[in-house]
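Biologist: I'd like to learn how to read a protein model, one feature at a time. Can we go through it together?

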Amino acid sequence: MSFLIFNSAKAQDYPRRPPDLDRLTQELFAEIQSDQVPVEDIYETLLNYYQAPLNLNAATREDLRALLLLSETQITSLLRHREANGLLLSVYELQSIEGFDLRTIGRILPFVAVAGGDGRAARGPLWQRILHEDNNYALLRYERVLQTRQGYTAPTLYQGRPTLRYLGGPDKLALRYRASHSQDFSVGFSLEKDAGEPWAWQPGQGRVGFDYFSAHLVLQARGRWKTIALGDYQLQFGQGLLLSSGFAVGKGAEVITTVRRSSVGVRPYAGLLENSFFRGGAATYQLGPRWEATAFASHRNADANLRQTQDSLAAYDEFSSGLIYTGLHRTATELANRHRLAETVGGGHLGYASANGDLAVGLSAVGTHYGTALLKRPESYNLFEFSGKNNLALGLHYSYVWRNLLLFGETARTTGGALGTVNGLLASLGPAVDAAVLVRHYPADFHSLYGNAFGENYRNINESGVYFGLKIRPAPRWEVSAYYDQFSFPWLRYRVGAPSRGHDALLRLAYTPSKTTILSTQLRQRLKPRDLPTSPDFPVPLPGNYLQQSLLLYYDAALSPALEVRTRLQASRLRLDDVQPWQAGYVLAQDVAYRFGRALKLTARYAVFDADSYDVRQYVYESDVWLAVSVPALYGQGTRAYALAEIRLGKPLTLWLRYAETRYRHQTTVGTGLETIQGPARSEVKAQLRYKF
Amino acid sequence: MPQRLLILVLLEVLLGWGAGVSAQAQGNGPGVRGARAAALGNASVALDGDAWAVANNPAGLGSLARPTVGFYAQNRYFSAALNVGAAVVALPLGAAPGPEAAADEPGAAPVGAPATPRAWARRGVVALEAQRFGGQLYNETRVGAGYGYRLGQISVGGRVELLQISIEGLGSRRVALASLGGQVEVLPGKLTLGVYGYNLGQARLASYQDERVPTVLKAGLAYRPTAQVLLALETEKDVERPANFKAGVEYRPVGALAARVGVASLSEEISAGLGVRLRDFGLDYAAAFQAALGFSQHLSVTKTWGKGNGKELKIKN
């Protein structure tokens, strides 16, 4: 044991501050404008990535890119520095690297470490390393809405049949374990029961009491085997056009580094999102000093509703109208759709990197076979959607660093012949100016089933666009960022009955008077056509110029090591078409966090919100228990408050308690459908216990 | 639209209708205190060192150096039924530490602070306030106690009050409210951010229509580009009314005289005022103009006593 302490003391020459993930997420997800973005997934991927500190002496260019905190020029100078001067001796050496200012160093410090070469042999065999790994946790999370929702009441009779109700209780429960060490291993499992899901023991169908089960074992850097993954994993290659795994932060306040994706390869999956991973095996093998190959295979049963064809001339007897991504199995219908569609995926990736890493090229192939054919509902907007049982996608990606420029891109072809492409350029035009350009074209019949490359839509289909981003630091404490993204959708979309075009623009001004204080203001405008409601005068749904404008004022300061305050004003307005009236939404929120010694940290918020309709709902990021994120959509009039306590019960044991409440004015019910609550308030409690071995 | 709402409210109040939804929009909010705040469009949440902070944002009390009494009168649209009168007494607790002691205190003199160290009461400042709005048909009376404490760049404050609403012929209602505020000097001596939450507990006035005293959150900045100029910006949100944006400018060519102007978006009111300070006496006057309803006037006087830091007065109001 004493040996272990010595070892970890040696590896950490700098007292690492706990990462201020709240602040980072606030910056990366400065403004969430849609339900479609799986914030939870992105947040957790990033958090897991940040959890195991990145060893700067072993990190590759792609690893450093995935941090999202370094510009390409900074990455290049770090790698050059390492090449010229040998391994870094301590993180203090970062100050001597060109382009690393104190702000950058301060931002990356919580997420990096400087360790010697491979100290693995000194730490004993694998099972011992897993047992003695510091970066591990087992956690138990409990969540519940206090008010009774309609889905949990006794069923009533409607036309002689009992009405739909949830089969399980309103408690949500998750149990997770994970241990990981950067460049060595990751092992873990997750079990989850969502609110409303019944307990059941059907191991054959993956129901082991809990409704959801996931496990993985990933080994890294085993001689020429770079990665071996068993169980659940994610893949990210190139720009994520074919394979993407949750590093897709997308458009936001960070206008440069989030434009390009990093090709991090095989990643362990330990999350709770039930539909965003592969299940099976994957391995990456170093073929030569510059070549590496990855092969993967996955088989799992996805949620889908299956139907029989009535028409004898149809191509398929049985088909599925689509996959269901919610992961919820609460009612008889949802349970009937559970794990109905067998999905087999196989493929590989061949990558080449030049000696200094400046040039990287890769080929990827993904083949998918569904047990039952997919056939979307016969709507015009689905005309070019994927149908059938098989899809093969082949892609080529590249990235090339030349002086202060980074060129990157990926082009892929899917079954049917559609070619999708995304190409970009990041340039450090000077020490204080960074620029980004990205061009993308995803045809209407381009079927990348696991891709999530840069785009306005969540799926890379039916979209063309050009993005410009610019970040300037005109004075030491000031930063101006802006982007302009112009896009067009050549075919119809859901709720858009004609080809359409639009734009999205952002201007952000940030002032950081000190290392721990930030004041920022952000303006955003987005024009994205959407169908107008039909009326007798207006019988055909045609898209109107749906325009959203928003303003964000934000102040965040750590006034002392113990006290942090945040003030956030968020206002937006939108109109359905040029001549339609504006609808407005507004939130003013004040947060205070105070740390009482090492044992207790309290965080609280009080917010007032007012949004005219669901369309102008306001998403406001909230602090949550460790590894969770909460972004409620607020609309109507009322107040939102929460309190979160983080209690250290001892060295290995930490407890989180959270209470959140939304109170509405002049509302007698909250929510819709089975989620309806009688009364003007909705409150949630959450408790989480973490044990570190 | 806002004008029409105001007229409607005015009529309701004058006619003594029940304290319905609209009546609460007029009264029982945090209101205006002091002619200085009124002249600045009531962008007062980030102002400090002023006894009227007791109602504008009690965190601002923390910087008050000397015992102060103040009186405030407001007349709206030349109607006696809309008069407001208020009185405040504010007492710093514990002597202000000397300049040396202040500099020793952690965080008391942050880097970049002005050369003259500012001092504030060691145990905070307590203030008592009484206020009355309205006439015989409809009136609101409140008695409040506020406390503000300042440590370095941070001030926090709280206030509890008892509010009584009386409507002739309908009787009266009494509720207790609690409010909290905070101020942070983002840039010492230059930029202050203030936040104030009024009636956080959402006190209920009547079960009919679930009528509650409005919950209001205010946040704003006070910026002093030079010692003579103060720029105040604020947003205020009553849960049930549209957001209000307010701005004010104060110019103090000499220590004894200040000129102010302000605007407020929701009430569409513009305001202007003058302030005179003669050692221990302060006299402020403001006139505000609403296009549909006309003039309002605000007058306040303050008297301070005891030993104070002369330099402190120059920087503060």
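**Reading the two chains**

Modeller: In chain B, 54% of the 317 residues count as buried, where buried means under 20% relative accessible area, exposed over 50% and partly exposed in between (1.4 Å probe, protein chains only). This is a predicted model, where local features need pLDDT of at least 70, side-chain atom pairs count only at pLDDT 80 or more, and totals for chains, interfaces and linings use all residues. Residues are numbered from 1 along each chain as its sequence is written, chains are lettered from A and ligands numbered from 1 in the order in which they are written, and side-chain values use heavy atoms, leaving out hydrogens and water.

Biologist: How many helices and strands does chain B have?

Modeller: Chain B has 6 helices and 16 strands. Both are DSSP runs numbered from the N terminus: helices are H or I with at least four residues, strands are E with at least two. Chain A has 8 helices and 39 strands.

Biologist: Now the interface. What area is buried between chain B and chain A?

Modeller: The size of an interface is often given as the accessible area lost when the parts come together. Here about 2,100 Å² is buried between the chains, and carbon and sulfur atoms give 71% of that. Buried area is summed over both parts and uses a 1.4 Å probe. On the chain B side, Leu217(B), Lys237(B) and Val239(B) lose the most area to chain A, together 26% of what that side buries. The contact takes 26 residues from chain B and 23 from chain A, with contact meaning heavy atoms within 4.5 Å.

Biologist: Why does Tyr223(B) count as partly exposed?

Modeller: Because its relative accessible area is 36%.

Key:
Buried area is the accessible area (1.4 Å probe) that two parts lose on being put together, summed over both.
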